[in-house]
Amino acid sequence: MKPSMHLNRYTTLPVLLDMLKRKKLVLLDPATWEDRNDSEIMLEYRNRKKLKSLLALCFSHGSETIHHWKTFADGISGCCIEFDRKPLIRHLRALTGVRYRSVTYRKIKDLTAGAIRLHDMPFTKRWPYRCEEEFRIIWESDIEKPYYEIDFDLKLIKKITISQRMPKQVYSTIRKHLKTAFANPEQRINRSTLYENQTWIDKFRKT
């Protein structure tokens with residue numbers, strides 16, 4: 001399958017504002033993740049490798065779904081930051097200790113002895129999560145750190161989509177604030193239509 005041209009980061013408005021202000025991607029400890037299947041595997045990998053730090057940041061290379069919004073960007077402050085995949089990966093290649101790739105989803109019955117190499121453990125998740133189509137960046141080190149920051153150019157951001165749950169008048173204010181970060185804001189900041197898409201609705205109405 002041909003790789004997508006984008007990587008989506010589903011998050012919240014405070015994280016977005018911090019990212020735009022400081023121009024940094026922040027990798028954090030997986031111990032804070034809600035999915036214990038995932039976080040415990042990351043901890044096991046860190047212990048086996050005898051690492052002091054294993055930090056991560058997750059994206060999706062798939063299309064927008066209700067799962068992405070409900071799980072990672074729920075509520076009125078949810079947002080999706082779309083990155084240009086190729087230049088972002090070129091940027092990551094130059095960083096020491098950083099690895100990245102799409103996640104592989106496995107069924108429990110397939111976890112026979114030796115089925116998963118140690119090298120692949122941080123990029124392996126349970127089959128029920130396959131709809132996420134996750135792309136993961138990790139940083140591993142023998143130095144203990146609570147977070148790892150990656151400087152990046154805002155030009156790597158192709159588009160910002162704000163949750164449709166945000167009231168229109170609030171969205172208007174937020175959009176005006178975000179416009180200062182982009183050279184062509186009219187095309188790069190918009191509001192999701194996932195919950196109410198007028199084009200879709202009109203297709204079913206009598207003309």
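Is Asp 35 buried or exposed, judged by its relative accessibility? At 13% relative accessibility, Asp 35 counts as buried, where buried denotes under 20% relative accessible area, exposed over 50%, and partly exposed the range in between, with a 1.4 Å probe and protein chains only. The structure is a predicted model, in which local features need pLDDT of at least 70 and side-chain atom pairs count only at pLDDT 80 or more, while totals for chains, interfaces and linings use all residues. Residues are numbered from 1 along each chain as its sequence is written, and side-chain values use heavy atoms, with hydrogens and water left out.

Asp 35 is located in the loop between strand S2 (24-28) and helix H2, helices (H or I, at least four residues) and strands (E, at least two) being DSSP runs numbered from the N terminus. Apart from neighbours within four places in sequence, Asp 35 is in contact with Lys 125 and Tyr 129, contact meaning heavy atoms within 4.5 Å. Asp 35 and Arg 90, by comparison, are separated by 55 residues in sequence and by 29 Å in space, C-alpha to C-alpha.

Helix H2 (residues 36-49) has 14 residues, which at 1.5 Å a residue should span 20 Å, and the end C-alpha atoms are 20 Å apart, in agreement with that expectation; the expected span is 1.5 Å times one less than the number of residues. Within H2, the residues Asp 38, Ser 39, Met 42 and Tyr 45 are buried. Seen down the axis of H2, these buried residues fall within an arc of 120° and so line one face of the helix, the arc being that of the directions from the helix axis to the C-beta atoms. An α-helix has 3.6 residues a turn, so residues three or four places apart point the same way. The cover over the buried residues of H2 includes strands S3 (53-60), S5 (98-102), S7 (124-126) and S8 (134-141). Just after H2, Lys 50 adopts a positive phi of about 55°.

In helix H1 (residues 13-22), the buried residues are Leu 13, Leu 16, Met 19 and Leu 20. These residues cover an arc of only 120° around the axis, which puts them on the same side of H1, whereas Pro 14 and Lys 21 are exposed on the other side. The buried residues of H1 pack against S1, S2, S4, S10 and H5. Just after H1, Lys 23 takes a positive phi of about 55°. For helix H4 (residues 85-93), the buried residues are Arg 85, Pro 87, Leu 88, Ile 89 and Leu 92, and they pack against strand S1 (6-12), S2, strand S4 (78-84), S5, S8 and strand S9 (147-151).

Strand S4 also contains Glu 82, which at 16% relative accessibility counts as buried. Leaving aside neighbours within four places in sequence, the contacts of Glu 82 are with His 6, Leu 7, Asn 8, Leu 156, Ile 157, Lys 158 and Lys 159.

Salt bridges, defined by a side-chain nitrogen of Lys or Arg within 4 Å of a carboxyl oxygen of Asp or Glu, come to a count of 20. One of them joins the side chains of Lys 125 and Asp 38 (3.7 Å, N to O), a pair that links distant parts of the chain, with Lys 125 in strand S7 and Asp 38 in helix H2, 87 residues apart. Lys 125 counts as buried at 8% relative accessibility, and Asp 38 counts as buried at 4%. Asp 38 and Lys 125 are also linked with Glu 132, Glu 134 and Arg 136 in a network of salt bridges.

A salt bridge is likewise formed by the side chains of Arg 165 and Asp 74 (3.9 Å, N to O). Arg 165 lies in the loop between strand S10 (157-162) and helix H5 (168-178) and Asp 74 in the loop between H3 and S4, so the pair ties together parts that are 91 residues apart in sequence. Arg 165 counts as partly exposed at 38% relative accessibility, and Asp 74 counts as partly exposed at 38%. In the salt bridge of Arg 117 with Asp 120, the closest N and O atoms are 3.0 Å apart; Arg 117 counts as exposed at 54% relative accessibility, whereas Asp 120 counts as buried at 15%.
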